[in-house]
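Here is a walk through one protein model, taken a region at a time. Please keep the sequence and the 3D view open as you read.

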Amino acid sequence: MDAKNHTGPTITAIATPPGVGGLAVIRCSGPDAIRVAEASFRGKATLEDTPGHTIRYGWWYSSGEIVDSVTVSVYRAPNSYTGEDVVEIGCHGGPFVARQILSDCLALGARLAGPGEFTQRAFTNGKLDMTQVEAVADLIHAQSKLGAQAAARQLHGGFVSKLSAIRSELVQVAGLLELELDFSEEDLEFVDRTDVAHRLTSVIVLCQNLAASSAGAEILRSGFHVAIVGYPNAGKSTLFNALLGRDRAIVSDVEGTTRDYLVEQVIIEGTTVHLADTAGIRPTSDTIELQGIHLTHKLVQESNAVILVNDSTRGVDYSTELLEDVHRVFGQKSILLAHNKSDLGMMNDSYIPKGLFPSVFVSSSVGTGLDEIRNWIAAQISVETSIVHDVLVNQRHAVLLSTLADRCRDAKLALEAGLSPDMAATDIRLAISTIGELTGETWNPEILENVFSSFCIGK
């Protein structure tokens, strides 16, 4: 289905988070947006006579009573975020005022907007393509500075410019192949097959690299997950608290204190790190403790990296068996071996064996080794996200980019096999249509619903 200009009924929603704050914004979009706001606004000039991209100051009335002093920003179609007439009413933040203004807008004929409906209208009215729509969501939810910056570049057109360059290359190649078909009876060749194969290879490599960046993009989008694991009483919860800089987990000498897991966030080098304090792993018949251990395994599977805490007072090799088990089951995970309680023994660098895994001696209670752990986490984030630049590739992108690469590969193989140019041209045209799916030039309702389901109401 092709996106077309669309004007629906006037919609409204609170565009700022709930709660007490300095300001709140209520947004209206649609053919009656200005009329709806005009009915309750009193200022030196009417909104109907206000040009676009103008802010008016005045008072908001409800049933003849003053509600608040407000600003009303007027944007006229098509020069607005949604492509429709839009007003944004700014009032003082708080639980009552914004709700009252929203209620007045609804009473005057506007409909409550659904999740992401303002941005959906921007898409259907051609103000944003699908990659920019997804960038809006990523910018709102970014869990890292680099993620927000990449999302902003994508919103600015960084992704679509790459796709446009690919499209131009493929359109040119397909045109040459199809032109050669028109002169097939004259046995003329317009296409240097070696050159075309080289150009298709460049497209394939670019698409593969973009698709491969999806894991790193997810870290920048959602944060880096680290599971802290170890035997009971190794000091996992103490380390967890020390990295957070506050007491969050209960610390006790009694083994098996942590039955469930705790997850808290800390910012390391501009990225949100989700630290998980997990239940100690040991043989047990305690049903509840077994459930906690099962959750630990699940958390490790879902984490980007693991800190395995060893009780150094029991020896540097005390957790070797557990380390080997974690590596065997979760071999793709980055693992840091943290020899804890080093202040209680004779631990220093010379006592730490140089094995397959990086290790550090730590005293959670004194604070030694914490910077080394933070630096290790930062290094893992840097490695995982190094190939992410102007695009936060998501799962939808990755699947379509892989399909795009496959279709270009089919075209290249057809040319190399000496098959008729029309076969390669058909594959290239399919590749071009895949670009249309990426940008949203063609879409179906299910994809649209899935994309906008992650948006908040008011955006």
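A residue is called exposed when its relative accessible area is over 50%, buried when that value is under 20%, and partly exposed in between. Ser63 has a relative accessible area of 76%, so Ser63 counts as exposed. Bear in mind as you look around that this is a predicted model.

Let's stay with Ser63 for a moment. This serine sits in the loop between β4 (54-62) and β5, and its phi is near 55°, a positive value in a residue other than glycine. You will find Glu269 in the loop between β9 (262-268) and β10 (271-277), and because its relative accessible area is 70%, Glu269 is exposed.

Now move on to strand β5, which covers residues 65-75 and contains Ile66. Together with Tyr57 and Trp59, Ile66 makes a nonpolar surface patch of about 340 Å². Ile66 has 48% relative accessibility, so it counts as partly exposed. In the loop between β5 and β6 (86-92) you come to Pro78. The peptide bond leading from Ala77 to Pro78 is cis, with omega near 0°.

Helix α14 deserves a look of its own. Its 19 residues (421-439) should span 27 Å at 1.5 Å a residue, and because the end C-alpha atoms are 27 Å apart, the two values agree. Among the buried residues of α14 are Ala424, Ile428, Ala431, Ile432, Ile435 and Leu438, and also Asp427. After α14 comes Gly440, with a positive phi near 90°.

Finally, consider the charged side chains. Side chains of opposite charge can pair when their charged atoms come close. The count here comes to 18 salt bridges. In helix α7, Arg199 pairs with Asp195, the closest N and O atoms being 3.2 Å apart; these two residues are four apart, about one turn of the helix. Arg199 is buried because its relative accessibility is 14%, while Asp195, at 33%, counts as partly exposed. Helix α10 (residues 287-302) holds another pair four residues apart, Glu302 and Lys298, whose side chains meet in a salt bridge of 2.7 Å, N to O. Glu302 is partly exposed at 49% relative accessibility, and Lys298 is partly exposed at 43%.

One last stop is a network of salt bridges that links Glu84, Arg111, Glu117 and Arg121. Within it, the side chains of Arg111 and Glu117 meet at 2.7 Å, N to O. Arg111 has 35% relative accessibility and so counts as partly exposed, whereas Glu117, at 15%, counts as buried.

Note on methods. Residues numbered from 1 in each chain as written. Predicted model: local features only at pLDDT ≥ 70, side-chain atom pairs only at ≥ 80, totals over all residues. Heavy atoms only, no water. Patch = residues over 30% accessible without salt bridge, like charges linked within 9 Å, V, L, I, M, F, W, Y side chains within 5 Å. Areas by Shrake-Rupley, 256 points an atom, 1.4 Å probe, with all protein chains shown as cover. Salt bridge = Lys/Arg side-chain N within 4 Å of Asp/Glu carboxyl O. Buried < 20%, exposed > 50% of the residue type's maximum accessible area, 1.4 Å probe, protein only. Expected span 1.5 Å × (residues − 1).
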